[in-house]
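Below are my notes, in numbered points, to read beside the model.

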Amino acid sequence: MTVRRVMGIETEYGISVPGDPAANPMILSGQVVNAYASAQGIRAAHASWDYADEAPLRDARGFEMGRGAADASQLTDEEDPTLANVVLTNGARLYVDHAHPEYSSPEVTSPRAAVAFDRAGEAIMAESVRRLSQVPPGVNLYKNNTDGKGQSYGTHENYLMRRETPFTDIVRHLVPFFVARQVVTGSGRVGIGMDSRTAGYQLSQRSDFFEVEVGLETTLKRPIINTRDEPHAVADLYRRLHVIIGDANHCDVANLLKLGTTSLVLAMIEDRAIDVDLTVARPVATLQAVSHDPTCTSLIELRDGTKLTAVQLLWRYHALAERYLKSRYAGELDSDTDEVMRWWAIVLDRLERDPREASRELDWVAKQQVLQGYIDRDGLDWTDSRLRAIDIQWSDVRPDKGIFHKLRAAGRFEELVTESAVMEAVHEPPHDTRAYFRGKCLEKYPDQIAAASWDSVIFDIPGQTSLQRVPMLEPLRGTKAAVGALFDRSPDAATLLRELASASG
């Protein structure tokens, strides 16, 4: 394995109404989803979600939580007909998740593609805001992870893995990596503690909200390693590692490294290529201590007594990856893996010398520099409410309001994905996963699709008395190479289904 595998990002967006802090966020989130869906000619009744294969309470440790013991937020397999929930032509899911609009990207096979489709989600949310602004007061959306008042919402990553990989190995080798990873992937935050009551600045928006090392929950008792075992694929072959500890990144390099380095570590775990014990002595407390230190000099204590910084720990993972890739591929790397390894070394080198050198690549560094500029210019300190307002405004999705977007337009960041590639990803699905089939069905036959999910499309064919469900349990099938020609010669869904039956027969 290299960095290439089936992966994706789910992002819940912060939401508010100007001048109305008591507005109902669920209703607002529904307006966000419906505003975009209606603009694209998608009606929720013809593009809703298929919940048949959802299993949110199945645990990777070998058991299933009883529904009576589960928090209501965990029951994501129960359809609420009052909440907007649609599938888009790019293969993504746009829906209301609890009190937030969420964009779940389509499945892709490379970190660079993940960045493009994650940024497509930003563009989609910005378009919803633009449309809703035509009826004041409108709605504001923020690609962040906390409101600064004690609430956190997620940016989740998903990685397809081999089922045969022992889950204990995943926990052992991934926890130390996640504790350290935030020095690269953190998006920065004003305030310390869940409610930001203590003054200061930290690397990650999410770290203060984690309470345990391993667990099934995602909205309470948040674990560093989430055990939800819902593969959305052939269960005997695959598991989907659901990662809830990441921040919402705007910087392309940080986002690329979030997906790419994690995928590489997972490849090493799958191939049993990590032969050292990097277990952190107190992972939850250490996770938060690392986040609270923007100098990146706080020490992580390993179980064997070794003490090192987060950057030094990531260098250890980098060295393991170099050894693994040299042994397995003799240094002949694909372009995606080469890009990740190159940026990984560049960023760690800059963090080791002086974190400020990484302001073009890392969210938390760039945000800190902007905030420090206000502090120096206006004589502020970290208790000033204006800094918290700037923190929120940083992630505003509107191009003319969001601080990050204005700085990006000014050329302040290293861009890996062009704006044209992002806009293509808004409408077109990836070509090399089943998302192509899903997205093209929504594009060509929107009125003949009853529902869809990651692993199915359900057709409602005129004149037929029953719905027809096409399963898609293999994520690397349904690609453009496999079915593109079928779409070209199928003017309607009935023809497509006949062609599929003929091809499979």
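1. His232 counts as buried at 10% relative accessibility, where buried means under 20% relative accessible area, exposed over 50% and partly exposed in between (1.4 Å probe, protein chains only). His232 sits in the loop between strand E14 (222–226) and strand E15 (238–243), and its phi is near 55°, a positive value in a residue other than glycine. Helices (H or I, at least four residues) and strands (E, at least two) are DSSP runs, numbered from the N terminus.

2. A word on the basis of these notes: this is a predicted model, in which local features need pLDDT of at least 70 and side-chain atom pairs count only at pLDDT 80 or more, while totals for chains, interfaces and linings use all residues. Residues are numbered from 1 along each chain as its sequence is written, and side-chain values use heavy atoms, with hydrogens and water left out.

3. Please also look at His98, which has a positive phi near 60° although the residue is not glycine. His98 lies in the loop between E7 and strand E8 (100–104), and at 33% relative accessibility it counts as partly exposed.

4. Asp97 is where UniProt, in an unreviewed entry, places the feature "active site"; UniProt positions are given in the numbering used here, feature names are shortened, and annotations may be inferred rather than shown by experiment. Asp97 belongs to strand E7 (residues 93–97) and is buried, with a relative accessible area of 10%. Not counting residues up to four places away in sequence, Asp97 touches Glu12 and Glu102, contact meaning heavy atoms within 4.5 Å.

5. Which residues of helix H12 are buried? They are Ala435, Tyr436, Phe437, Arg438, Gly439, Lys440, Cys441 and Leu442, so the helix (residues 435–444) is mostly covered, with eight of its 10 residues buried. The cover includes strands E6 (85–87), E18 (449–453), E19 (456–459) and E20 (468–471), as well as helices H13 (480–488) and H14 (493–504).

6. Within helix H12, Arg438 deserves a look of its own. Arg438 is buried, with a relative accessible area of 0%. Leaving aside neighbours within four places in sequence, Arg438 is in contact with Val87, Gly91, Glu107, Ala452, Ser453, Trp454, Val457 and Met472.

7. Helices H6 (residues 310–329) and H7 (residues 335–353) have axes that come within 11 Å and cross at roughly 155°. Axes are lines fitted to C-alpha atoms, for helices over the stretch in contact, and angles run from 0 to 180 degrees between N-to-C directions. H6 and H7 are therefore roughly antiparallel to each other; angles under 35 degrees count as roughly parallel, over 145 as roughly antiparallel, 65 to 115 as roughly perpendicular and the rest as oblique.

8. On the residues where these helices meet: Trp315, His318 and Leu325 are among those of H6, and Met341, Trp344 and Leu348 are among those of H7. By class, the contact of H6 with H7 has 11 nonpolar, three polar and three charged residues (Ala, Val, Leu, Ile, Met, Phe, Trp, Tyr, Cys and Pro count as nonpolar, Asp, Glu, Lys and Arg as charged, and the others, Gly among them, as polar).

9. One for your backbone check: the peptide bond from Pro136 to Pro137 is cis, with omega near 10°. Pro137 is in the loop between helix H2 (111–132) and strand E9 (140–142).
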